[in-house]
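Dear colleague,

I am passing on the structure below, followed by some notes on what was found in it. Please read the notes alongside the coordinates.

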Amino acid sequence: MTARILVVDNTPDNARTLEAKLTQEYYQVATAFSGEDIIQRATDWHPDLILLDATMPGMDGNATCRLLKGNSATQHIPVVMITTLSGARDPVTGAEGGADDFLTRPLDDDLLFARVRSLVRLKRLQDEWQMRDETAQSLGIERDTAQQIQIAGSRALIIDDRAQDAERILNALNEDGFLGTCVRSTAEASVWLKKVHFDLIVMSLALQDEDALRFASRLRSEDATREIPMVLVAEGGQKDRLLRGFDLGANDYVFYPMDPLELRARTRNQIRRKFIQSRMRADFDRALELALIDPLTGLYNRRYLTRHLDSQLHEADATRTVGPSIMMIDLDDFKQVNDRWGHVAGDSVLLAISVALRVHVRVFDTVARAGGEEFVVLMPGTTQEDAMNVAERLRQAIASIPCQISPEVVHTQTVSIGVASYRLGEGNSTDLLRRADEALYRAKQAGKNRVELAG
């Protein structure tokens with residue numbers, strides 16, 4: 001997996017060394033030598049990842065990171081802060097500036113490449129959700145900007161069979177308001193995961209009697225736990241297992257003896273990422289729903305109906321079973337309702353009819369608003385005789401519904417219905433809808449408030 005990586009370091013030797021290592025792994029690499037140059041470089045080149053020296057003179061790494069994260073053109077690019085001081089406050093300060101990860105010199109090549117691969121995967125995922133988010137906004141879906149990232153109250157599951165280490169992890173997370181649950185085995189963890197939704201998993205790779213990586217693999221294979229951020233805690237001699245953990249989908253790691261400040265910085269980042277991805281997913285899902293749902297009635301729209309009908313016809317042809325029938329339903333003289341009482345009254349009538357349609361069709365039928373005062377009901381596996389019986393009962397039911405226009409005015413709305421049944425191997429959704437529409441036209445011509453069958 002190749003990617004564009006921008007290396008920012010005011011020491012040319014450091015920059016050239018990193019550039020050579022990354023180029024050997026087939027990454028595309030560019031360099032910058034000051035915080036002042038990085039914004040323009042990142043904006044013009046669109047890197048997938050930035051490796052940023054924390055100790056640059058002038059504008060240091062933390063200030064540069066804040067600029068990157070505050071610029072809409074660069075805020076989604078993962079930033080790895082590189083420091084020379086192990087155990088210092090650099091990770092905490094960098095996290096406050098928005099850094100996505102932290103590395104300490106001298107750099108371990110294997111762990112460097114593992115983090116690069118992990119963050120590039122994250123960037124690709126965020127790019128996808130960002131495009132979906134932009135699609136949502138283009139459809140008029142406004143993001144809930146009032147919603148804020150909350151670390152306090154997040155639930156963390158700690159899996160460690162050494163009580164003292166588990167307590168240290170728990171105490172560190174408590175500093176940020178996490179609600180932690182400690183377990184001593186993966187079996188106990190499985191029980192908790194079935195009854196509680198966790199926002200974070202912190203797991204020791206040094207479990208004595210079981211394979212933590214096998215459990216990590218299982219977590220990533222199951223829908224309920226696939227998206228939960230996972231931080232591994234490893235001993236110094238477990239580098240190979242740690243790298244394997246990254247391959248299996250772990251999000252981050254810390255080493256024993258654990259630095260509480262580093263753990264807090266890394267877990268806060270994981271919660272922030274999870275929040276952003278969840279928010280983008282929710283925005284996109286809402287946009288998709290609105291793209292397929294009529295906003296007034298809450299019924300499916302014509303776009304959804306056509307695609308669903310096509311799949312029904314394809315299935316009927318493939319299985320040689322009874323195909324679907326459809327009802328094309330139009331409100332009689334609906335223009336007079338709008339002209340006499342206004343569009344608000346017209347909307348109330350449409351809502352009343354949409355409720356009646358939901359109530360009087362079968363649970364597996366699909367009801368859609370085709371546009372204006374026209375509705376369609378799709379009835380899978382229904383003969384034309386059964387469809388005509390359903391249509392007649394529906395017509396009578398609608399005619400008996402009192403539509404309350406105002407406290408003093410009650411309106412009775414009738415409908416005309418055209419019915420068409422699919423003949424295996426003949427035509428497509430457009431043809432079937434056309435036949436139903438022609439039958440509806442005949443019902444209108446014959447006096448309205450009636451049902452007609454397509455030829």
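**Notes on the model**

The backbone oxygen of L453 lies 2.7 Å from a polar atom of the R442 side chain. This is a predicted model, in which local features need pLDDT of at least 70 and side-chain atom pairs count only at pLDDT 80 or more, while totals for chains, interfaces and linings use all residues. Residues are numbered from 1 along each chain as its sequence is written, and side-chain values use heavy atoms, with hydrogens and water left out.

R442 belongs to helix α15, residues 429-445 (helices are DSSP runs of H or I, at least four residues, and strands are runs of E, at least two, numbered from the N terminus). Leaving aside residues up to four places away in sequence, R442 touches E452, L453, A454 and G455, where contact means heavy atoms within 4.5 Å. R442 counts as partly exposed because its relative accessibility is 35%, the class between buried, under 20%, and exposed, over 50%, with a 1.4 Å probe and protein chains only.

L424, in the loop between β16 (415-421) and α15, is likewise partly exposed, at 29% relative accessible area. With residues up to four places away in sequence again not counted, L424 touches A316, D317, R320, T321 and G323, and its C-alpha atom is separated by 8.0 Å from that of L313, 111 residues apart along the chain.

Notes:
A polar contact is a pair of N or O atoms within 3.5 Å; within protein, one must be able to donate a hydrogen and the other to accept it, and residues adjacent in sequence count only if both atoms are side-chain atoms.
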